[in-house]
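This report describes the surroundings of a ligand and a pair of aromatic rings. The sequence and the structure are shown below.

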Amino acid sequence: MRLDKFLCEANLGTRSQVKDLIRRGAVTVNDVSVKGAETRVDEETDIVCVQGRPVHYQKFFYYMLNKPPGIVSATRDKLSATVMELLRPEHRRSDLFPAGRLDKDTEGFLLLTNDGELAHRLLSPKKHVDKTYRVSIDHGLSEEDIQRLEQGVDIGEDCPTLPAKVQQLEETVILLTIQEGKFHQVKRMLMAVDNSVTALKRISFGGITLDDTLKPGEYRELTKEEVKILYGT
Ligand code: URA
């Protein structure tokens, strides 16, 4: 790829800032000073340095965010703070986006990435990726409610919801695992059994569990193993 693109992707500045760096002779490729922004570099093998410091190139980024309530799962919003604003300045990139959405009042695991292909796979309705939510509800569920939630309920779509798994934690707290991601799906499923959600937290996504050391609003990079698990789903 072009040297200026490489430096931009490595978060060293805007296109014009990195062009300026190159023009000023601050950049070397394999120990040779280069002045052309269009110089081709191989991001796998070439050693690019800026002011003598090697540039670490990484194509894809994957962050596990513990989304707090009150924040919107979007890259931009006219009225509310977005999940992107929770990233520290050194991690902000214009190509990062949340892979999927949690409602503004929902907490928990949200993946932020710039890997469009992986996000597409994880969000595809055909892939049936597991998502587990800790759901606080208005009142206890009957055996029949649990059976209905597990078999599929009518939430006003063309088809009932796909089979789900319910685990009772407390009288009014359940774990609900679903494989779809329809708008307000968990809230609508509970409404379908004449109940309602009082708090919602996603605790796992695509086989990865939310790191319980992350406080609301905190995030960390996924490990290589976790990325592999997501690719395997
Ligand atoms: N289901 C909901 O109702 N809301 C969410 O944020 C996620 C799943």
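By class, how many nonpolar, polar and charged residues does the shell around the ligand have? The shell has four nonpolar, three polar and two charged residues; Ala, Val, Leu, Ile, Met, Phe, Trp, Tyr, Cys and Pro count as nonpolar, Asp, Glu, Lys and Arg as charged, and the others, Gly among them, as polar.

The model is predicted: local features need pLDDT of at least 70, side-chain atom pairs count only at pLDDT 80 or more, and totals for chains, interfaces and linings use all residues. Residues are numbered from 1 along each chain as its sequence is written, and side-chain values use heavy atoms, with hydrogens and water left out.

The residues around the ligand (a heavy atom within 4 Å) include Leu102, Tyr133, His184 and Leu200. Helix α5 (residues 185-192) gives the most to this shell, with three residues; helices are DSSP runs of H or I with at least four residues, and strands are runs of E with at least two, numbered from the N terminus.

| Residue | Distance |
|---|---|
| Asp103 | 2.7 Å |
| Gln185 | 3.4 Å |
| Lys187 | 3.1 Å |

The protein covers 95% of the 240 Å² of accessible area that the ligand has on its own (Shrake-Rupley method, 1.4 Å probe).

Elsewhere, the structure holds five aromatic pairs (ring centres within 6.5 Å). Phe6 and Tyr57 form a stacked one, with 5.0 Å centre to centre and 15° between the planes (stacked means under 30 degrees). Phe6 lies in helix α1 (residues 3-9) and Tyr57 in the loop between β4 (53-54) and β5 (62-67), so the pair ties together parts 51 residues apart in sequence.

Definitions and conventions
Polar contact = N/O pair within 3.5 Å; in protein donor to acceptor, adjacent residues only side chain to side chain. Phe/Tyr/Trp six-rings, centres within 6.5 Å; stacked < 30°, edge-to-face > 60°.
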